[in-house]
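Got your viewer open and ready?

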Amino acid sequence: MAPMRSIPTRLSASAKTWLRSYPPGVPPEIDADAFSSLVEMAEASFSRYAALPAVTCMGQTLTYAELDRLSAAFAAFLQARGLRKGDRVALMLPNVLQSPIALLGALRAGCVVVNVNPLYTARELQHQLADAQVSALVIMEASAHVYCEIAHEVKVPHIVVTTFGDLLGWRRPFVNFIVRRVKKLVAAWSLPDATPFLSALAGGGTPARVAVDGDDLAFLQYTGGTTGVAKGAMLTHRNVVANVLQVEAWCVPLEPGQERVVTALPLYHIFALVANALLFLHLGAHNLLIPNARDLDATVRTLRGFPFTAMTGVNTLFNGLLNTKGFDQLDFSGLKVCLGGGMAVHESVARRWHRVTGRPLVEGYGLTEASPVVCVNRLDARDFTGTIGLPLPSTEIAILGEDGQMAPSGSAGELCVRGPQVMRGYWQREEETGKVLVDGWLHTGDIAVMDEAGFTRIVDRKKDMIVVSGFKVFPNEVEAVIAQMPGVREVGVVGVTDGAGNEIVKAVIVCSDPALTEAAVHAHCASNLTRYKVPKIVEFRAALPKSNVGKILRRELRDAPT
């Protein structure tokens with residue numbers, strides 16, 4: 001029987017050792033109720049920064065006034081289609097102008113946003129749409145065929161289809177051409193009721209005001225959590241408003257109306273959603289959306305014309321940019337903040353980034369269930385710390401030992417989090433919620449050590465989770481897909497490190513058919529899994545290492561040479 005988990009109802013002041021290490025100007029607490037909702041926060045920015053540029057993508061820029069008008073038009077469209085407060089709207093979009101318009105429009109209509117990776121396979125999309133009981137789906141034409149594969153299983157009442165050309169010529173007669181093109185496409189896909197995105201905006205108008213407060217859901221943000229079953233983390237307006245204000249309080253150098261931020265991470269990822277889209281919207285910043293950051297040469301060319309003051313990313317992105325010709329020639333004179341999250345920042349990358357840009361690459365820590373940011377290193381750090389930093393204002397953390405009691409300073413234990421950014425729970429999964437939320441504390445499953453100054457170091461991740469370029473991959477899901485193949489007797493999936501220090505997926509298979517090939521496994525996985533989940537290494541063995549009760553020992557698979 002597992003030991004009872006015990007954390008005091010209130011942490012004493014002496015237990016909050018991190019507060020003594022706070023940088024100048026950072027308060028210990030924020031007012032999580034400063035805005036009643038994300039809608040109120042966004043509308044304040046629309047009014048205050050109306051004439052300023054809000055977002056740029058592929059050479060087209062929207063001002064805050066235009067973002068206000070277009071998101072209001074989309075909200076009115078949703079309401080005209082019968083969507084009401086609490087209905088779920090799925091956004092299956094890359095980083096394009098349509099994304100913030102649809103995001104803010106859905107929230108203004110009182111709906112709950114469900115972010116979907118546009119690279120999902122039909123199997124992955126079907127689960128998320130069905131689980132969230134989605135009422136409307138906004139999707140790129142390039143992904144529409146994926147929905148068509150499962151439309152007979154999951155019928156979404158309202159489909160909105162958009163193209164990369166939408167909004168690039170929205171002020172010109174080219175609009176009519178785009179609308180006609182999309183109508184032909186949706187007819188060919190047997191989606192006669194689908195609406196072109198530009199048509200959804202054409203009606204304009206003012207949406208009906210919806211009474212939304214902090215306790216209402218803003219997002220169902222899907223994550224594997226502590227298991228491989230994708231679950232929707234229920235993030236309220238107050239959760240996300242709080243995290244925006246927490247990160248703002250930490251980032252003292254940022255000035256309202258003065259910042260230019262690069263958003264290379266996809267907005268459907270919780271880190272970019274909050275730390276880029278919503279934080280910098282609140283600050284009245286100019287946001288540069290990069291639709292395809294994997295094209296590093298094109299990204300560097302784009303950055304030449306956008307002297308940025310802030311950037312977020314994952315270790316692989318920063319490393320890739322540093323190794324791209326011309327990046328070291330960019331103008332970094334105005335750069336203030338560089339935040340790395342989603343995966344561990346490597347010391348070699350952080351040191352090189354500092355040398356090239358003149359600014360530290362500051363590592364933070366978070367998880368979807370905490371909206372997501374929990375800890376961040378000091379922005380004035382002069383050297384790489386190897387830690388995840390200090391808890392944000394209004395955030396408490398505790399390290400729980402194996403005995404279920406709080407561990408002394410310097411001892412390893414499970415990292416637990418409490419604060420206004422912690423989710424309400426998992427959508428329609430009370431049992432799973434009860435496993436991770438105990439007395440208001442979120443049990444992360446990550447093993448950490450806190451030193452006497454309050455800096456925390458992650459010493460082991462959730463036991464089996466793999467992090468590929470900042471994205472979570474859960475072995476159970478990949479194993480289930482491979483196990484469907486004829487000729488597979490057993491399979492174990494683990495994360496291993498490649499020659500460049502990046503984590504990749506490895507599958508170890510015991511065959512019942514010796515004719516099974518690595519190429520066949522790759523092809524099967526590519527048809528059923530998003531690209532980053534597909535194993536880079538496929539190994540065949542006569543047997544898998546197991547415990548005395550028959551459980552596959554993933555650690556031995558992970559430690560074995562590839």
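Start by colouring Phe, Tyr and Trp: there are 10 aromatic pairs here, where a pair means ring centres (for Trp, of the six-membered ring) within 6.5 Å, called stacked with planes under 30 degrees apart, edge-to-face over 60 and tilted for the rest.

First stop: select Phe327 and Trp353, a tilted pair with 5.4 Å centre to centre and 35° between the planes. Phe327 is in the loop between helix H11 (315–322) and strand S13 (337–340), while Trp353 belongs to helix H12 (residues 347–357), so they sit 26 residues apart (helices are DSSP runs of H or I with at least four residues, strands runs of E with at least two, numbered from the N terminus). Both Phe327 and Trp353 are buried, meaning under 20% relative accessible area with a 1.4 Å probe, protein chains only.

This is a predicted model, with local features needing pLDDT of at least 70 and side-chain atom pairs pLDDT 80 or more, while totals for chains, interfaces and linings use all residues. Residues are numbered from 1 along each chain as its sequence is written, and side-chain values use heavy atoms, without hydrogens and water.

Next, jump to Phe471 and Tyr532, which are stacked at 4.9 Å centre to centre, with 25° between the planes. Both are buried.

Last, which residue lies over the face of Phe306? Select Arg260, at 4.2 Å from the ring centre.

Key:
Buried means under 20% relative accessible area, exposed over 50%, partly exposed in between (1.4 Å probe, protein chains only). A charge sits over a ring if NZ of Lys or CZ of Arg is within 6 Å of the ring centre and within 35 degrees of the ring normal.
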